[in-house]
Amino acid sequence: MLGQILGHIVTHLVIPFSIYGVLWRARFKTRVDWLFMGLISLCYTVYIYLSGRWDWLGYPLRNVLLLFFAISLIRSIFQNRAIPFFVPRLPAWNFVYFIQTFVILLFGSLAFFAFQGTQPPPDRVSLAFPLKHGTFYVAQGGNSAILNYHHLSESPRFALDITRLQDWGRRASGIFPGDPTHYYIYGDTVFSPCDGVVFVVQDSLPDLFTNQVDTAHIAGNYVGIRFEQYNVFLAHLQPYSIQVKVGDTVRVGQPLGRVGNSGATSEPVLHIHVEQGSQADILSRPGVPIAFNGRFLVRNDRVVIP
Ligand SMILES: [Zn+2]
């Protein structure tokens, strides 16, 4: 867990702000040198802006990042406006250019895949957002694995994991606390996102600490609702919090249970996904993209519901 926290701080703060520091101060010898540094900072900024988890340290930092990028880039343009385009260098410089090209290609591709993940796929099923009374954050969601780790699997391909933002735009009191009750989403009421009939309920699995995962029961406590030709799943709920039973007809907005930390999840989130197929097809048919009140939600989107 400490490694995860350190890795997070390095990728979200240390690397980008060090790059902006170089842009801010450096007097480049040539425009080519400046261009390499400018491209590195652009690619890294787009990559971490789109794919970073900004609910860990505080959502406003995401905009601080953009602001510092813009300011250091503008200052750098002014500071280096009277330099030659290119001058011959010692052959050792080729190695520097090689490394810089590699970094640009690496983070350029990551930025491209992150952007691709924000693009809505066709044929989305329309649902109501399943939480109320707060600002919610999409921790996993989108159309590529870099924004949504579920995307690697067939059925939960378009699943979302949702947290709640509070207290400086953070999802918990702490960066990665072990106690699930320290996450603001924990205990939130989950509301039915659709009209339908409940066809499966699991209610008796325990809530875990965040360093434990129940790999034998991936979804933990969950509800499955039959809606038109789809199966809708809401997972990782609190034990014995589910207020509906198999066969119940539910209406959109009806309370179903509370967000917990059961099953295989790294922290309390509401997991929701939709599959095609019959009720017997759980986790064996392709996942369906979702539009919540018309929006295809991806990582770093926020939803404010009064
Ligand atoms: Zn999930």
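How close do the axes of H2 and helix H3 (residues 60-79) come, and at roughly what angle do they cross? In this predicted model, the two axes come within 11 Å and cross at roughly 170°. That puts the pair over the 145 degrees needed to count as roughly antiparallel, so H2 is roughly antiparallel to H3. On the H2 side, the residues that meet H3 are Gly 38, Ser 41, Thr 45 and Tyr 49. Facing them from H3 are Arg 62, Leu 65, Leu 66, Phe 69 and Leu 73. Sorted by class, this contact holds five nonpolar residues, three polar ones and one charged one.

H2 has another partner to look at, helix H1. Here H1 covers residues 2-25 and H2 covers residues 31-51, and their axes come within 10 Å with a crossing of roughly 155°. H1 and H2 are therefore roughly antiparallel to each other as well, and their crossing is left-handed. From H1, the contact draws on Thr 11, His 12, Ile 15, Pro 16, Ile 19, Tyr 20, Val 22 and Leu 23. H2 answers with Met 37, Ile 40, Ser 41, Tyr 44, Thr 45 and Ile 48. No charged residues turn up in the contact of H1 with H2, which is made of 10 nonpolar and four polar ones.

The crossing of H1 and H3 is left-handed. Pro 16, Phe 17, Tyr 20, Leu 23 and Trp 24 are the H1 residues involved. In H3, they meet Leu 65, Phe 68, Phe 69, Ser 72, Leu 73, Arg 75 and Ser 76. The tally for this contact is nine nonpolar, two polar and one charged.

Stepping back to the whole chain, the domain assignment gives domain 1 (2-117) and domain 2 (125-305). Taken over C-alpha atoms, the centres of the two domains are 35 Å apart. Their contact takes 18 residues from domain 1 and 19 residues from domain 2. Where does the domain 1 side come from? H1, H2, H3 and helix H4 (93-117) each supply at least two of its residues. H4 gives the largest share, five residues. By class, the side of domain 1 that touches domain 2 splits into 10 nonpolar, five polar and three charged residues.

Strand E5 (residues 196-202) runs antiparallel to strand E6 (residues 221-227), and five bridges join them. Within that pairing, Val 197 has Arg 226 in E6 as its bridge partner. E5 also pairs with strand E8 (residues 249-250), again antiparallel, through two bridges. Gly 196 stands opposite Val 250 in E8.

Methods. Residues are numbered from 1 along each chain as its sequence is written. This is a predicted model: local features need pLDDT of at least 70, side-chain atom pairs count only at pLDDT 80 or more; totals for chains, interfaces and linings use all residues. Two strands pair if DSSP finds at least two bridges between them. Helices (H or I, at least four residues) and strands (E, at least two) are DSSP runs, numbered from the N terminus. Axes are lines fitted to C-alpha atoms, for helices over the stretch in contact, and angles run from 0 to 180 degrees between N-to-C directions. Angles under 35 degrees count as roughly parallel, over 145 as roughly antiparallel, 65 to 115 as roughly perpendicular and the rest as oblique. A crossing is left-handed if the near helix is turned anticlockwise from the far one by less than a right angle, and right-handed if clockwise. Two residues are in contact if their C-beta atoms, placed from the backbone, lie within 7 Å. Ala, Val, Leu, Ile, Met, Phe, Trp, Tyr, Cys and Pro count as nonpolar, Asp, Glu, Lys and Arg as charged, and the others, Gly among them, as polar. Domain bounds come from an automatic or database domain assignment.
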